[in-house]
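Me: I would like to learn how to read the packing inside a protein model. Could you take me through one, step by step?

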Amino acid sequence: MATNVEATADEIARLRVGDLAPGLAQLALTIAASLDEQGGQTAKANAARELRATLETLRKLAPVAAETDRVDELAKKRQDGRIRARRA
């Protein structure tokens, strides 16, 4: 099982927000590190809540992934065909 730091770093990398909000990304990693350390359950619960809120903010900052489906691919081919037809 991955540590909280590893899981948080993986999520930050997957979201591609490290360069967009480096301070917030580092804060998330610091909070995750505090969860991996020995300590009281109350402190860990508070840290977990803060980590969740920080990651939620990072998710909102993440760029929207450009996903295409079969319909988008067909529409692009159709548009490309129209452009070629106009040139001919």
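**The core and a helix pair**

Reply: Of the 14 residues in the largest nonpolar core, the ones that touch the most other members are Ile12, Val17, Ala28, Leu51, Leu55 and Leu58. A nonpolar core is a set of buried Ala, Val, Leu, Ile, Met, Phe, Trp, Tyr and Cys residues joined through side-chain atoms within 4.5 Å, and buried means under 20% relative accessible area, with a 1.4 Å probe and protein chains only. This is a predicted model, in which local features need pLDDT of at least 70 and side-chain atom pairs count only at pLDDT 80 or more, while totals for chains, interfaces and linings use all residues. Residues are numbered from 1 along each chain as its sequence is written, and side-chain values use heavy atoms, with hydrogens and water left out.

Me: Which helix supplies the largest share of this core?

Reply: The largest share, five residues, comes from α2; helices here are DSSP runs (H or I, at least four residues), numbered from the N terminus.

Me: How are two packed helices described?

Reply: They are described by the angle between their axes and the distance between the axes. Here α2 (residues 22–36) and α3 (residues 41–61) pack at an angle of about 155°, with their axes 9 Å apart. That makes α2 roughly antiparallel to α3, a term for angles over 145 degrees.

Me: Is Thr54 buried or exposed?

Reply: Thr54, found in helix α3, counts as buried because its relative accessibility is 7%. Not counting residues up to four places away in sequence, Thr54 touches Leu24, Leu27, Ala28 and Ile31, where contact means heavy atoms within 4.5 Å.

Terms used. Axes are lines fitted to C-alpha atoms, for helices over the stretch in contact, and angles run from 0 to 180 degrees between N-to-C directions. Helices (H or I, at least four residues) and strands (E, at least two) are DSSP runs, numbered from the N terminus. Angles under 35 degrees count as roughly parallel, over 145 as roughly antiparallel, 65 to 115 as roughly perpendicular and the rest as oblique. Buried means under 20% relative accessible area, exposed over 50%, partly exposed in between (1.4 Å probe, protein chains only).
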